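Here is a structure to read closely.

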Amino acid sequence: MTTPASVRIDFVSDVSCPWCAIGLTSLQQALAKLDGEVAAEIHFQPFELNPQMAAEGEDSTEHLVRKYGSSADQIDANRAMIRERGAALGFTFNMDRRSRVYNTFDAHRLLHWAELEGRHIALKQILLRAYFTDGEDVSAHDTLVRLAVEAGLDAERARQILAGDEFADEVRAQEQFFQSRGIHSVPATIVNGQHLISGGQPPEAFEQALRQIVAAA
């Protein structure tokens, strides 16, 4: 029996990025197909689409118009495409519920802690669902504590982290590291520290890329 090839995957993303939700779901489906061939160790790396976002957030349509100069028709078309891509993967985007864009720095701090506890994949999936499917405010501390508990983490410890600035330096250092490596858009999937797969690719693209990387190694 052959031993699965071990790979390290750094998934650079933001919890308020729809293509990151698509990319992660696709990556996980590809890894499920490669079960027995590839053993992946996934590490989530922080990226903030809107690091200067105020605490109260911003209306999502107004934000897209201001940031990208998009028209209402372009925004609607893009949302429809994202919804369809998500549905094909079994991920539900309820765009009508996701009416605001929030600051995600505290969510990244919790994810950093969750990895130390081995619960980062669960928490990441829960955060993406909370924001894109349920339309929750993923900057609100009470919401983040509840989601952390859902991921199997301790409520009091989560509250303690959010109340201070624990893991802030670590998150900023990781953000700066990946930006210094040329990552300026997400999702960015980096395999074994050297192979970059950009964007929310379909599962087949991840599967093919991982097979090629493992074969070349």
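The questions below take up a disulfide, helix packing and some backbone features.

This is a predicted model: local features need pLDDT of at least 70, side-chain atom pairs count only at pLDDT 80 or more, and totals for chains, interfaces and linings use all residues. Residues are numbered from 1 along each chain as its sequence is written, and side-chain values use heavy atoms, with hydrogens and water left out.

Q: How many disulfides does a search of the whole structure find?
A: A disulfide is a covalent bond between the sulfur atoms of two cysteines. Here it is taken as a pair of cysteine sulfur atoms within 2.5 Å. Cys 17 and Cys 20 are joined in this way, S to S 2.5 Å. The search of the whole structure finds 1 disulfide.

Q: Is the disulfide of Cys 17 and Cys 20 right-handed or left-handed?
A: The torsion about the S-S bond decides this. For Cys 17 and Cys 20 that torsion is about 85°, so the disulfide is right-handed.

Q: Is Cys 20 buried or exposed?
A: Buried means under 20% relative accessible area, exposed over 50%, and partly exposed in between (1.4 Å probe, protein chains only). Cys 17, with 3% relative accessibility, is buried. Cys 20 has a relative accessible area of 1%, so Cys 20 counts as buried.

Q: Are H4 and H6 roughly parallel or roughly antiparallel to each other?
A: Helices (H or I, at least four residues) and strands (E, at least two) are DSSP runs, numbered from the N terminus. Axes are lines fitted to C-alpha atoms, for helices over the stretch in contact, and angles run from 0 to 180 degrees between N-to-C directions. H4 (residues 105–116) and H6 (residues 141–150) pack at about 25°, their axes 11 Å apart. Angles under 35 degrees count as roughly parallel, over 145 as roughly antiparallel, 65 to 115 as roughly perpendicular and the rest as oblique, so H4 and H6 are roughly parallel.

Q: Which residues in H4 meet H6?
A: Contact means heavy atoms within 4.5 Å. On the H6 side are His 141, Leu 144 and Ala 148. On the H4 side are Asp 106, Ala 107, Leu 110 and Trp 113.

Q: What is the angle at which H5 and H6 pack?
A: H5 covers residues 120–132, and its axis lies 9 Å from that of H6. The two helices are oblique to each other. Their packing angle is about 135°.

Q: How do the residues of the contact of H5 with H6 divide, and how many are charged?
A: H5 brings Leu 123, Ile 126, Leu 127, Arg 129 and Ala 130, while H6 brings Leu 144, Leu 147, Ala 148 and Glu 150. Ala, Val, Leu, Ile, Met, Phe, Trp, Tyr, Cys and Pro count as nonpolar, Asp, Glu, Lys and Arg as charged, and the others, Gly among them, as polar. The contact has 7 nonpolar residues, no polar and, as charged, 2.

Q: Which residue does a cis peptide bond join to Val 186?
A: Omega of this bond is about 5°.

Q: What is the phi of Phe 167?
A: Phe 167 sits in the loop between H7 (155–163) and H8. Phe 167 is buried at 10% relative accessibility. Although Phe 167 is not a glycine, its phi is positive, about 70°.
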